[in-house]
Each structure stands twice: as C-alpha cells, then as structure tokens.
Amino acid sequence: MDDLDLRLLDGFQRDLPLETRPFAAMAHRLGTSQAEVIARLTRLRDEGIVSRIGATCRPNTAGASTLAALRVPHRRMEEVAALVGAEPGVNHAYLREGSEWNLWFVATAPDAAALAESLARIEAATGLAVLSLPLVRAFNIDLGFPLIGPRRAMALDRPADLDALRPRDRALMQALSTGLALIPRPFVALGQALHRSEAEVISRIRALAEARILTRVGVIVKHRALGWCENAMVVWRLPEAAVETAGTALAGVPGVTLCYQRRCVPGLWNWPLFCMIHARSRAEAMAVLAEARALPELARVPHRILFSTRCFRQRGATIEVAA
C-alpha cells in the first residue's frame with residue numbers, strides 16, 4: 001500500500017460523503033480522480049483489506065445480537081469453527097487464548113427469537129453449550145480508530161434515538177452491512193434494489209447516522225490485514241455498581257478500541273466489563289493495558305486477557321433475511 005491508500009482508508013472510516021457521487025467527493029479531498037478512488041477501493045476489497053464501503057449498525061436496534069462463546073476441545077476446533085461459521089448470522093468468530101471459553105463469536109439476527117433459534121442450532125450442531133453475553137451498556141462501540149499517527153482516546157458512546165427508525169430502514173441497514181457497489185453513483189443502485197429514490201436513500205442514511213443507529217458510515221477495514229494483528233479482549237470482574245464509572249474511565253484510555261458491559265451468567269461468567277485493544281504487536285497491546293490497569297477505577301480489579309490467535313470470520317451483521 002502507498003500513502004494514498006493509507007489516506008483513503010484512514011480518512012474515510014467514518015463520514016462517507018452522503019452525496020450523489022461520494023467517491024468523487026472523496027477524490028476531491030484526496031487530490032485524485034473518482035476513477036482512481038473506485039479502482040483502489042476495489043483492489044483493497046479484493047485483497048481482503050477492506051471489508052466493505054457501508055456502515056456498522058448499532059447492536060440491538062433494528063436487529064438482535066450477542067457475544068457468545070464455546071468451550072471447544074482443541075482436537076475439534078476446526079470442525080466446530082466450521083459449524084459456527086455455517087450459521088448465517090455469525091459475523092465474527094475468533095479463537096482466543098486465556099480462557100476455557102476459547103471460541104468467541106458474534107451472532108446476529110433480525111430479532112431476539114431468531115437469535116435464540118440461531119444459538120440453539122449451534123448448540124445442536126456442535127453438542128456444546130453456548131455462553132451468550134448480550135450487551136448491557138456501551139461505553140465505546142466505534143471501532144474506527146486512527147490507523148496512522150498517535151493513538152488517541154475514542155469518544156464516549158452516545159445513546160441511539162430509536163424513534164428515528166422507520167420500518168423500511170431494516171432493508172437499507174442490511175444493504176449497508178453488506179456494502180455499497182463501487183460505482184460512481186452507488187446510492188442510485190441501492191435505491192433501485194430497494195425501490196426507493198437516490199435522494200430518499202441518502203436522506204435515510206443521514207438520519208440513521210445522526211440517530212446513532214448507524215454507528216459509522218464509511219470504509220470498514222479488516223484490521224488484521226493492515227498489520228493490527230494483536231487483538232486483546234480484556235475482561236474485568238467488579239461489582240455492578242462500579243461498572244459505569246470504571247467503564248467510562250477505561251473507554252478514555254488511548255488504545256482502548258472498544259469498551260462495553262455485558263450480562264453475566266451466574267456460575268459460568270462473572271466478568272461484566274469488556275474492552276478491546278487492537279495493536280500491531282503484543283508489547284504495544286500490553287503497554288495500553290498497563291495504562292488501563294493504572295486507572296484508579298481499576299486498581300486491583302481482577303482481569304483476564306484473551307488474545308485472539310485466529311480469525312475464522314469477519315463480515316457485516318444480519319439485520320434482515322431476504323424473502
């Protein structure tokens with residue numbers, strides 16, 4: 001990749017120009033041509049560096065989702081990972097070290113009932129019990145951290161305005177979770193597929209982004225392919241009453257790329273506070289963790305570090321299933 005590739009990826013992870021010719025607007029800001037932007041994005045997508053040009057959807061707004069895990073015997077890992085990956089709504093799946101729960105995945109579905117059915121199918125297919133940890137509270141769920149330059153704290157999450165959601169938005173969100181066509185006027189093509197006008201499509205994307213139902217609209221990258229190979233999921237055990245203060249402080253540590261509270265499961269999982277650290281080396285990740293450990297809110301708080309060692313799947317969420 002050259003400098004223009006990096007500026008293209010880093011500068012448009014959010015705030016995709018919501019105008020009739022978004023790639024032309026990107027080209028204008030980069031000092032190049034629309035054709036060059038489209039050609040580069042196409043190449044980066046084909047090389048597995050870009051997941052899509054589209055959006056990330058806030059969990060549990062138009063659809064339902066959960067972070068889940070399985071305790072998989074190592075001799076069965078390939079088999080079980082394939083079975084989990086065969087479930088259509090599973091959009092992320094990783095092998096992690098540091099816990100008996102070693103296969104972690106995000107399951108998504110159009111609604112809570114469909115999500116429960118999906119988890120039940122995984123249990124039936126694998127013969128293993130699923131640990132489901134739904135989101136309770138988000139402190140930072142924007143993974144669009146800077147790819148170049150110094151690390152900085154991400155902004156605290158802003159609650160979504162669910163009143164902004166309209167019935168026809170689900171199909172639009174599913175399309176954005178899959179990705180826009182890399183053509184000069186992608187919103188025309190999207191509108192034709194959804195039987196809506198270009199202006200209406202752009203207007204609804206803008207409204208959903210302003211309402212934080214879309215957490216990001218832009219270039220969605222695959223961090224591992226860009227050299228951010230170390231992904232530490234750090235879980236913290238602390239009382240419910242202390243989670244909000246600790247989570248707010250933790251989300252403010254530069255290098256903490258995600259931070260949220262998830263539901264505990266008595267007897268199985270009692271680590272409610274999660275953060276993610278994406279880094280280019282394990283030493284870099286541990287340096288970020290050292291800053292987190294030094295926070296007064298997390299002093300002497302028990303925690304576990306679950307580094308991912310393999311990515312089995314990474315793609316957009318399932319919000320609506322095609323009829």
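**Notebook: helix H6 and onward**

I started with helix H6, whose buried residues pack against strand E1 (50–57), helix H7 (186–194), helix H8 (198–210) and strand E7 (214–221). A reminder to myself: this is a predicted model.

How many of the ten residues of H6 are buried? I get seven, for a helix that spans residues 169–178, so H6 is largely enclosed by the rest of the structure. The buried ones are Asp169, Leu172, Met173, Gln174, Ala175, Leu176 and Ser177. I then looked past the end of the helix: Gly179 follows H6 and has a positive phi, near 125°.

**Entry: H1 against H3**

Next I looked up how helix H1 (residues 3–11) meets helix H3 (residues 34–46). The angle between them is about 85° and their axes are 11 Å apart. An angle from 65 to 115 degrees counts as roughly perpendicular, so that is what I wrote down for H1 and H3. On the H1 side I noted Leu4, Asp5, Leu8 and Leu9. The H3 residues they meet are Glu36, Val37, Arg40, Leu41, Arg43 and Leu44.

**Entry: Asn102**

I went to Asn102, which sits in the loop between strand E3 (90–96) and strand E4 (103–109). Is Asn102 buried or exposed? Its relative accessible area is 5%, which means buried.

What does the side chain of Asn102 reach? I found the backbone oxygen of Val72, at 2.8 Å. Leaving out residues up to four places away in sequence, I listed what Asn102 touches: Leu70, Arg71, Val72, His74, Met77, Tyr94, Leu95 and Arg96.

Arg96 lies over the face of Tyr94, 5.4 Å from the ring centre.

**Entry: aromatic rings**

I counted aromatic pairs and came to four. One of them joins Trp104 and Trp269, with ring centres 5.3 Å apart and planes at 70°, so I put it down as edge-to-face. That pair links distant parts of the chain: Trp104 belongs to strand E4, while Trp269 is in the loop between strand E9 (256–262) and strand E10 (273–279), and 165 residues separate the two. Trp104 is buried at 1% relative accessibility, and Trp269 is buried as well, with a relative accessible area of 1%.

Which residues do ring pairs link into a cluster? I wrote down Trp104, Tyr260, Trp269 and Phe274. Tyr260 also has a charge over its ring: Arg262 lies over its face, at 4.6 Å from the ring centre.

**Entry: Leu115**

Then I turned to Leu115, in helix H5 (residues 112–126). With a relative accessible area of 10%, Leu115 is buried. Residues up to four places away in sequence aside, I see Leu115 touching Ala64, Ser65, Thr66, Ala107, Thr108 and Ala109.

**Entry: Pro73**

Pro73 is in the loop between strand E2 (64–70) and helix H4 (77–85). I have Pro73 as partly exposed, at 31% relative accessibility. I also looked up where Pro73 stands relative to Pro239: the two are 166 residues apart along the chain, and their C-alpha atoms are separated by 31 Å.

**Entry: positive phi values**

Last, backbone angles. Most residues other than glycine have a negative phi, so I wanted to see the exceptions I had marked.

Asn60 is one of them, with a positive phi near 60°. I placed Asn60 in the loop between E1 and E2. Asn60 is partly exposed, at 35% relative accessibility.

Arg300 is another residue other than glycine with a positive phi, near 60°. Where does Arg300 lie? I find Arg300 in the loop between helix H10 (282–293) and strand E11 (303–314). Its relative accessible area is 80%, so I noted Arg300 as exposed.

Key: Residues numbered from 1 in each chain as written. Heavy atoms only, no water. Helix = DSSP H or I, 4+ residues; strand = E, 2+ residues; numbered from the N terminus. Buried < 20%, exposed > 50% of the residue type's maximum accessible area, 1.4 Å probe, protein only. Polar contact = N/O pair within 3.5 Å; in protein donor to acceptor, adjacent residues only side chain to side chain. Contact = heavy atoms within 4.5 Å. Phe/Tyr/Trp six-rings, centres within 6.5 Å; stacked < 30°, edge-to-face > 60°. Lys NZ or Arg CZ within 6 Å of the ring centre and 35° of its normal. Axes fitted to C-alpha atoms, helices over the stretch in contact; angles between N-to-C directions. Parallel < 35°, antiparallel > 145°, perpendicular 65-115°, else oblique.
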